[in-house]
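Dear colleague,

I am handing over the structure below, and my notes on what was found in it follow directly after. Please read them with the sequence and the 3D view open beside you.

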Amino acid sequence: MQLYKSQTLKVYNSLSSKKEIFEPINEGHIGMYVCGPTVYSNVHLGNCRTFMSFDMIFRYLKHLGYKVRYVRNITDAGHLENDADEGEDKIAKKARLEQIEPMEVVQRYTVDFHNTLQKFNLLPPSIEPTATGHIIEQIEIIKDILEKGYAYEVNGSVYFDVVKFNQFFNYGKLSGRKLEDMIANTRELAAQEEKKSPQDFALWKKAEVQHIMRWPSPWGDGFPGWHLECTAMSTKYLGETFDIHGGGMDLKFPHHECEIAQAEASNGKSPVKYWLHANMLTLNGKKMAKSTGNNIFPNEMFTGENAILSKPFTAPVVRFFMMQAHYTSILDLSNDALLASEKGFQKLMDSLDLLDKLETSENSDFDVTSWKQKCYDAMNDDFNTPILIATLFEAVKHINLIKEGKENITEPDKNTLKETMHSFIFDVLGLDHKLDVQGDSDKLPGVVDLLIQLRNEARANKDFATSDKIRDQLAVLGIQLKDGKEGTTFSVS
């Protein structure tokens, strides 16, 4: 169903710094490119938040009836330690330290990336190309930019001439920076520096003797610059101009700025209509960093094996937590915030179970049609998931009132409410409360009852360590225990 024809979606475009009505280049079709990971280490939560945000956007666009081609790349070469084209290739360095092949590093952390995103219930992209799989395309773009005079070759390396480019285009239009200010605030080049200007960036780097990852080119053996791969892959699969380019806020400059420059120098066109940027994730009010210990990986959250959180948290609860902030806002992760999200998530899931059991009447006290449009209004306002979640909890309140006999609902309204709740909770927000259990699901209650009995015995013996361990390990599996006057019950999330 083509819902997009009846809904007006607005998105915040980083290029114009304002919300704009979203109108795809080709009616009914959307091309979306998102910068993927550099696979030299385990994916961290900040990256997960970015990919989760664009998964939500991908889901909503599909829900509206658009045919979406979603391209998210894998950087498996060319990303140096320093954005100024200095230092070692991150993957080659990891391979050297561990004394393995670079592609072993790539394979290990690509698998980790996919496994982690699968736990968070992210949909796979339409195409997931790699930098090393598109060396030829990158070389062809370099040749084109050289021919048009916006690049120069020095000792086997090729650099983009930012000053020359800025004479005819606007370098800095995405980040709001002026080239004159950048030049004024940059120290003079060292005598051995190859670049004409510090703002110039590498399109192709000469590979020194010790550099493992290298490919032949018209300028000698080398490897492509980090920025070039995204230009090559996005234009190959989405065309010279496409609808959406996404990524983390930290990529706006220099990475995305350089992408724009490369595309405009090559084909004379601005490559992207709408630039969308997701904001960062902090931990306990501070920037996440391995060096300071203020850092936590997804699996550490799921298992509870960390010194930051009081208990394990399931992937659906963490995703629900992420969706409670707008994708452009900084989000702070803390133990208290996750505990609150866990309660909210369970309340939402319980309301769905309750919804099926509601008795219907000849009239409704809850205006479901108006409420349903409020859900769309929230998402149409630049994918405002916190407002959507608040709107979903309005329905939770009415569901409880209907259950208590204080309000009524008709059968058609109940069906609309159920369909809408399921669409936005599962299809759009991507929440998942299914338990991944191998074997027959009808055996689950008996197994959990046995564990509850063992937990009760531990509590009676004041063995609270064992009691808490049973509760927490069940929580990791998505089984929540509830202690009440009539005993302990459980729910699956």
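Glu342 is found in helix H11, and in this predicted model Glu342 is buried, with a relative accessible area of 11%. Leaving out residues up to four places away in sequence, Glu342 touches Lys311, Pro312, Phe313, Val317 and Gln480. One of these, Val317, is in helix H10 and belongs to the set of residues through which H10 meets H11.

That meeting of two helices can be described further. Two packed helices are described by the angle between their axes and by the distance between those axes. Here the axes of H10 and H11, the latter spanning residues 335-356, come within 9 Å and cross at roughly 105 degrees, and the two helices are therefore roughly perpendicular to each other. On the H10 side the residues involved are Pro316, Val317, Val318, Phe320 and Phe321, and on the H11 side they are Ala337, Leu338, Ser341, Glu342, Gly344, Phe345 and Leu348. By class, this contact has nine nonpolar, two polar and one charged residues.

Gly268 is partly exposed, with a relative accessible area of 48%, and, leaving aside its neighbours within four places in sequence, Gly268 is in contact with Phe169 and Ala263. Gly268 and Phe169 are 99 residues apart in sequence, yet their C-alpha atoms are 9.2 Å apart in space.

The C-alpha atoms of Glu140 and Ser217 are separated by 9.9 Å, although the two residues are 77 places apart along the chain.

Helix H2 (residues 90-98) is described here by its buried residues and by its two ends. The buried residues of H2 are Lys90, Ile91, Ala92 and Ala95. At the start of H2, a side-chain oxygen of Asp89 reaches to within 2.8 Å of the backbone nitrogen of Ile91, while H2 is followed by Gln99, whose phi is positive, near 55 degrees.

Cys48 is in no disulfide, and the nearest cysteine sulfur, that of Cys35, is 16 Å away; at 0% relative accessibility, Cys48 counts as buried. Cys258 is likewise buried, with a relative accessible area of 1%, and its sulfur is 11 Å from the closest cysteine sulfur, in Cys230, which is too far for a bond.

Note on methods:
Residues are numbered from 1 along each chain as its sequence is written. This is a predicted model: local features need pLDDT of at least 70, side-chain atom pairs count only at pLDDT 80 or more; totals for chains, interfaces and linings use all residues. Side-chain values use heavy atoms; hydrogens and water are left out. Axes are lines fitted to C-alpha atoms, for helices over the stretch in contact, and angles run from 0 to 180 degrees between N-to-C directions. Helices (H or I, at least four residues) and strands (E, at least two) are DSSP runs, numbered from the N terminus. Angles under 35 degrees count as roughly parallel, over 145 as roughly antiparallel, 65 to 115 as roughly perpendicular and the rest as oblique. Contact means heavy atoms within 4.5 Å. Ala, Val, Leu, Ile, Met, Phe, Trp, Tyr, Cys and Pro count as nonpolar, Asp, Glu, Lys and Arg as charged, and the others, Gly among them, as polar. A disulfide is a pair of cysteine sulfur atoms within 2.5 Å. Buried means under 20% relative accessible area, exposed over 50%, partly exposed in between (1.4 Å probe, protein chains only). A polar contact is a pair of N or O atoms within 3.5 Å; within protein, one must be able to donate a hydrogen and the other to accept it, and residues adjacent in sequence count only if both atoms are side-chain atoms.
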